[in-house]
Amino acid sequence: MSRRVAVLKGGRSLEREVSLRSGGNVEAALRRLGHEVLPMDADQHLVRNLREQRPDVAFIALHGKGGEDGTVQELLEILGIPYTGSGVLSCQRSMDKVVAKAIFTAEGIPTPKWYAFSEDAFREMGAADTLPEIRERLGLPLVVKPAKQGSALGISVAHEPGEIPRALMTALSYDDRVLLEAFVPGREIAVSVIGTDAPQALPAVEAVPTGDFYDFESRYTPGATELIAPAPIDPDTAAEASRLALACYEALGCRGFGRVDLMLDAEGRLWVLELNAIPGMTDTSLLPAAVEAAGMGFDEMVGRVLDLADLGG
Amino acid sequence: MEPVKGATTADRLAPRDPARYDRRFAARAAGIKSSAMRDLMSLTERPEIITLAGGLPDTESFPAEVFDEVWRAIGRDHRATALQYGPTEGLLELRERICGIMAEGGAEAHPDGIIVTAGGQQAIDLSVRTFVDPGDVVLAEGPTYPGAVPSFSTYEARVVHVPLDDDGMRVDLLEERIEELAGQGIRPKLIYTIPNFHNPGGVTMSLERRRRLVQIAHEREILVVEDNPYGQIRFEGEPLPSLWELDGGAGWVIHLSTFSKILAPGLRVGWVAAPAPVLRKMNLGKQAADLGTGTLNQRFVVEYLKRFDWREHVARLNGIYRSRRDAMLRALEEEFPADATWTRPQGGLFVWANLPSYIDTTELLARAIERHQVAFVPGRGAFLDGRGGHSMRMNYSFASEAVISEGVERIGAAIDEMIELQRVLGGGA
């Protein structure tokens, strides 16, 4: 059945360019599937455009603030336009790494130990004085990241005590809340999940960066990161990664699709870092690699996610 | 399931998707990579953002009646030729007039010694393309013009930066670099410099240094590419002789300029003046690139210059830019921290500021865009060696005085936040 599909992309987040690339791929897939595509930049005219164009459904290909944090989802709820991916609350929970990690911990899902602070806590309450204790409890190196950014923007690893303030400055440039997290050395594994009532974990994908950290540039420069799909890990670990991914997905109440990023440490233990409610769909992204490894094809994935578009939840 | 090494979806994606072509790109094209900064810069076009990031001349002040008159004259007298191919080196009438403009600044050139280019940008590209093999050394100011960086990268130049101060390129350090390179058996192919109102540096090379630079070029037989887009955009002080003039026809200087700043950038009409053998090679390069600069645009410039005094237009622009520069300098004085420094340009379009070393201007830009709705250009884009992290460029030619003041105030607020953070974090670790 051919539908009028608004593809929401771009927007105002720092991941705008990434989103434009994801959106472009989604649009191409939808056209091949025979749908009528209405590309829409999520700018200040979005609501007006949605009212005028009256799509049957919206495919959200936005990343980061505004698009992945429940804002656009709330607008679509008000307009009564079914949309792909998770609902408002699940988006809010997954976008904020601090909230997500608290929920994972409550559910018994392993995630590296962390502490979180707002910029105000540093400026007004002397939070910096607790850094020695934090260092002691989390050990070094430790990872400093903005609570709400995707694509590794603003993330750095402090190897020595003296590097922590610098790392905090960096992270606070991208969000007014940051977390300090125990560093888990190991392999980077991503498990994508598709489905709503009976979600299915796709084969794990391993990202092998060519630099020493999977940062923004290597994520979006073809060739700078090698993706291995399925990840060359033993079947028990792969099964455990799938189980954890599904547990995260359910704990946050996700629907449609999502991607869980994990670390596999030297002892073979898995740690969940975060869940992305709207996984990247660029040519170098993890989800398309997982979809391919599952023998599914990008178009079929887009079609399935579209079929699961809904309101509420 | 068989593991797929380097799995991509390339084979199933449509032809408009880049993945299919990734493995086929030439090394020089593949080397132009995605960067966080470039993605940040794309946000500066959002309407609610005050942007001091661009380098746009003012085009609002170009009089409508002048535009109409030029346009009518082309339609009436030059319709067929303006729509036809032209010579690769450009219309003779235009090259004659370019010589007139150069003579105003004391630089002597002959129409046969000029090629009209698609803006000054193409003149830069042709210069690099004509002389640089992969790995060849180009000496350039640090910071250098960010728009020249893609040309340097494309032709795989190895750029060695020479620091700038208030009197322009440190020519003494230039000599040191040349010595060091000579010690390694390397002779630089080109010295690329913007002597007047440097972009992004905002400074002008002193007469003494100009003389010394030309002397060095003569002594060591190294070609100098003098990029002079802003020479006429002077609101204070006395004009200084160009390197081309000081070279006195010895043939060690290639001179680039443009109508972008003195007339309008949308015309994409610039030029290069160079010794005849160099020009012949550049002409071949230009043939390959585009056969010739748009005849219609060249004709617009000629018909404009026949009827109107470009000096009056430039004087009007300079009046506007001067007030805007003053507005920016006033705002900087009020809003920027005491330990920041910035240039006080006598012309051109830009102020370059250096912030305390703990402030990274790419991070400052993220904060400025997200929380203060203001943008500028972080300094890293003006270096090829990763420096520039504490510097920034701000443009004053495009926004109104009120907007400039507001923009600088917002940047100042973002800087203050980072200073405060540094203070509270400094002792914490």
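In this predicted model, A:V143 sits opposite A:E181 of β7(A). Zooming out, they belong to an open sheet of four strands in chain A, ordered β4-β7-β5-β6 and paired antiparallel. At the edges stand β4 (114–118) and β6 (156–158) of chain A; each has a single partner strand, so one side of each is left without a neighbour in the sheet. On average, and with direction ignored, neighbouring strands here are turned by 25° against each other.

Two helices go with this sheet. Helix α5 (residues 97–106) of chain A lies across β4, β5 and β7 of chain A, and runs at about 45° to β7(A). Helix α8 (residues 164–174) of chain A also packs on the sheet, where it touches β5, β6 and β7 of chain A. The direction of α8 makes about 25° with that of β5(A).

Over in chain B, the picture is one of domains. Domain 1 of chain B covers 19–60 + 313–426, while domain 2 covers 85–307. Their C-alpha centres lie 25 Å apart, and the contact draws 31 residues from domain 1 of chain B and 34 residues from domain 2 of chain B. On the domain 1 side, the elements giving two or more residues are α13 (310–335), β12 (350–354) and β15 (391–395) of chain B. Of these, α13(B) gives the most, with five residues. Sorted by class, that side of domain 1 of chain B has 13 nonpolar, 13 polar and five charged residues.

Terms used: Residues numbered from 1 in each chain as written. Chains lettered and ligands numbered in written order. Predicted model: local features only at pLDDT ≥ 70, side-chain atom pairs only at ≥ 80, totals over all residues. Domains from an automatic or database assignment. Contact = placed C-beta atoms within 7 Å. Nonpolar A, V, L, I, M, F, W, Y, C, P; charged D, E, K, R; others polar. Pairing = 2+ DSSP bridges. Axes fitted to C-alpha atoms, helices over the stretch in contact; angles between N-to-C directions.
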